[in-house]
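Please look over the sequence and the model before reading on.

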Amino acid sequence: MSRNSEILHTTTLSRVWNLIKLRSSFYLTRIFRKPIHWGTPLAVSIEPTTACNLRCPQCPSGLRQFTRPTGNLKISTNELILNGLGKNLQFINYYFQGEPFINPQFLDLVKVARSRNIYVLTSTNAHFISLETAQKIIDSGINEIVISIDGTTQETYQNYRIEGELSKVIEGTKNLISVKKKATSRLPIVTFQFLVSKQNEHQINDVKNLGRELGVDRVNLKTIQIYDYENGNDLIPENPEYSRYYKTNEGSYQLKNRYRNSCWRMWSSCVITWDGSVVPCCFDKDAKHKMGDLTQIEFTKIWRSDIYHQFRTQVFKDRKQIEICKNCSEGSKIWI
């Protein structure tokens, strides 16, 4: 089963027309080097919570280092978001920072989105997926669950997923797949995501084998983001294939990806925090570039606002001057 085939089930004529408007205005912007923007977001990340049970070393949530407000997304705010983005919204990733299942209303949020024929995905550390929760996950109709599993032994796993237990990840995965089979449901697609680091890169084949053994639908290898990567970091993999950085002749590290003064994300999507703040993308983890508050202003006014226009202009003028763009990994995922 593939994500693309499932997304096709959510396709409508208005969503296709919206995609055409987004694509054409983006290409015209690249030609004329002046932001032209038609259409509304086809995808969005919505933050269910900022809370997390783990303490991952490269995560603001794990490090408890937010300067922005923290909390859980409310049903009323979720409704406001969905109403504001309208019928052209086709894809929601209910994840930004935090562990989604800590929000007690998380699956109720999912149900509302699914009732609007929106493809819904989330990412979890799977510590809270009991058999009872697994049944509720199936009942919610969620399309895909990405389970973070960054090691096939406890020693390796806890190197990054600090305070986590690999046994709980495996148990949660078994619970979900067991209930899914019992319900003869094609959903959710279950994906293992393996964040490749120097400490776990030797277990890549092991996690593929574990995925097959447990019956997950696919395994995704993801490059790790390092905040202060210039002088190196113990987490950077030795195999350059799995790193988003390369070592220069001088011994410092640089991002592999070429900086291009353009960004499709600025046209097609955005991120909304638990309290309704609109930020440009998932690299703005602390909401430094707040475009507006949709609990106070209509989303379409934020999407077309002067501040958003200025931000898109800067992306096309000199993207390197935007701090959150300096570590962008667009194009660095490896799907297998």
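The structure is a predicted model.

**Helix α2**

Helix α2 has 20 residues, and I20 is one of the residues in this element, which covers positions 13-32. From its first C-alpha to its last, α2 reaches 29 Å, close to the 28 Å expected at 1.5 Å a residue. Within α2, the residues R15, N18, L22, S25, F26 and T29 are buried. Viewed down the axis of α2, its buried residues fall within an arc of 100 degrees, so they line one face of the helix.

The face of α2 turned away from the buried side carries exposed residues, namely L13, W17, I31 and F32. W17 also takes part, with V16 and I20, in a nonpolar surface patch of about 290 Å². I20 itself is partly exposed, its relative accessible area being 43%.

**Salt bridges**

A search of the whole structure finds 12 salt bridges.

| Salt bridge | N to O distance |
|---|---|
| E144 and R3 | 2.8 Å |
| R186 and E6 | 2.8 Å |
| D286 and K288 | 3.6 Å |

E144 forms a salt bridge with R3. This pair links distant parts of the chain, with E144 in strand β4 (residues 144-148) and R3 in helix α1 (residues 3-8), 141 residues apart. E144 is buried, with a relative accessible area of 0%.

R186 forms a salt bridge with E6.

D286 counts as buried at 15% relative accessibility, while K288 counts as exposed at 58%. Elsewhere, salt bridges that share partners join R3, E144 and R218 into one network.

**Cysteines**

How many disulfides does a search of the whole structure find? The search finds zero. For C270, the closest cysteine sulfur is that of C281, and the two sulfur atoms are 10 Å apart, which is too far for a bond. The cut-off behind this reasoning is that a disulfide needs a pair of cysteine sulfur atoms within 2.5 Å. C270 is buried, with a relative accessible area of 2%. C263 is likewise buried, with a relative accessible area of 9%.

**A loop residue**

N261 is found in the loop between β8 (253-255) and α10 (265-268). At 28% relative accessibility, N261 counts as partly exposed. N261 and Q203 are 58 residues apart along the chain, and their C-alpha atoms are separated by 37 Å.

How values were computed: Residues numbered from 1 in each chain as written. Predicted model: local features only at pLDDT ≥ 70, side-chain atom pairs only at ≥ 80, totals over all residues. Heavy atoms only, no water. Buried < 20%, exposed > 50% of the residue type's maximum accessible area, 1.4 Å probe, protein only. Patch = residues over 30% accessible without salt bridge, like charges linked within 9 Å, V, L, I, M, F, W, Y side chains within 5 Å. Areas by Shrake-Rupley, 256 points an atom, 1.4 Å probe, with all protein chains shown as cover. Salt bridge = Lys/Arg side-chain N within 4 Å of Asp/Glu carboxyl O. Helix = DSSP H or I, 4+ residues; strand = E, 2+ residues; numbered from the N terminus. Expected span 1.5 Å × (residues − 1). Arc of directions from axis to C-beta.
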